Amino acid sequence: MSKASAILWLDELSTVEAAEAAKQGRVIIFPIGSVEAHGEHLPLGTDSFQPEYVALEVARKTGCLVAPPFRYGIINAARNFPGSLTIQFNTLYNVAKDVLSELSRNGFNRIIVLSGHAGSSHMVALRLAAQKVIQENGEENGKQHTRIMVLSDYDIVDELTEELVDPHDGHAGTIETARIMDIRPDLIKTKGTPSHYEMPRFEIVLHPEKYYPTGVHGDPTKATTKKGQTINNHIIKQITKLIQELQT
């Protein structure tokens, strides 16, 4: 493997190398995260560290590239906690659309948008952006010119068995804590405290933190590095399969 082909980040390529990578049809992963409170025990960048780690590990296995990440997202339930930085729906939509459009214009027509933040409005913005780029690129020689997959790595976590993870586990609980223990153990602040909450089913509330006092939904004390490794490896394996699917 040449030095150039060993580069994982798109922005570490030269313009000549980027042109060659596009010609080769290399898949690109675009990691998107958020700056969001994750209880007292996890860092604000939890939703960014996870997809970036997965993207780089998949790139090492497959030879795909990783686009420079975007570490801001749409925060709803945790927006009023100190440190949470939310952006507007249209901001995320426009950033995602512009980046995807530029990747496609440069000849990178096989893209995975991998989000570590799985909020509903956040994911809708990403999917609408991808849809717009697909519509604008149309078809070429009777085939779809650009293919884009949009998912959160937590879409894949849901496939794991209940023996490993409580089905009611959620934000900053066992899963996220275990994954960060594997990825960035140096950033674990405390052991964490179990907590569960229930938001109003239909009501849009001004202060969601009243229903969500710790920012945790689940039991971080059940997290282990081994669980984190198992979860992360499963996600990496499944994303690797998606890369292979895009290459067919």
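# A chat about salt bridges, rings and a pocket

Modeller: Hi! This is a predicted model, and the count of salt bridges in it comes to seven.

Colleague: Nice. Which side chain does E52 meet in a salt bridge?

Modeller: E52 meets R71, with 2.7 Å from N to O. The pair links distant parts of the chain: E52 is in helix α2, while R71 is in the loop between β2 and α3, 19 residues apart.

Colleague: And is E52 buried or exposed?

Modeller: E52 counts as buried, because its relative accessibility is 10% and the cut-off for buried is under 20%. R71 is partly exposed, with a relative accessible area of 37%.

Colleague: What about R60, which side chain does it meet?

Modeller: R60 meets E57 in a salt bridge, again described by an N to O distance of 2.7 Å. They are three residues apart in helix α2, so about one helical turn separates them. R60 is exposed at 53% relative accessible area, and E57 is partly exposed at 21%.

Colleague: Where do E102 and R105 lie?

Modeller: Both lie in helix α3, three residues apart, about one turn of the helix. E102 forms a salt bridge with R105, and the closest N and O atoms are 2.7 Å apart.

Colleague: Switching topic: how many aromatic pairs does a search of the whole structure find?

Modeller: Three. One of them is F81 with Y212, an edge-to-face pair, 5.9 Å centre to centre with 80° between the planes. The two residues are 131 apart in the chain: F81 is in the loop between β2 and α3, and Y212 is in the loop between α6 and α7.

Colleague: Are those two buried or exposed?

Modeller: F81 is buried, with a relative accessible area of 16%, and Y212 is buried too, with 2%. Ring pairs also link F81, Y197 and Y212 into a cluster.

Colleague: Which ring does the charged end of R184 sit over?

Modeller: The ring of F49, at 5.6 Å from its centre.

Colleague: Now the largest pocket. How many residues line it?

Modeller: It is lined by 38 residues, and A118, G119, G170, H171 and Y197 lie nearest its centre. About 990 Å³ of space lies in this pocket. Helices α5 and α6 each supply at least two residues of the lining.

Colleague: How do the residues of the lining divide?

Modeller: Into 18 nonpolar, 10 polar and 10 charged.

Technical notes
Residues numbered from 1 in each chain as written. Predicted model: local features only at pLDDT ≥ 70, side-chain atom pairs only at ≥ 80, totals over all residues. Heavy atoms only, no water. 1 Å grid on protein atoms, 1.4 Å probe; cavity = no way out; pocket = protein on both sides within 12 Å on 5 of 7 lines; lining within 4 Å. Points joined across faces, edges and corners; volume = space filled by probe spheres on them. Helix = DSSP H or I, 4+ residues; strand = E, 2+ residues; numbered from the N terminus. Nonpolar A, V, L, I, M, F, W, Y, C, P; charged D, E, K, R; others polar. Phe/Tyr/Trp six-rings, centres within 6.5 Å; stacked < 30°, edge-to-face > 60°. Buried < 20%, exposed > 50% of the residue type's maximum accessible area, 1.4 Å probe, protein only. Lys NZ or Arg CZ within 6 Å of the ring centre and 35° of its normal. Salt bridge = Lys/Arg side-chain N within 4 Å of Asp/Glu carboxyl O.
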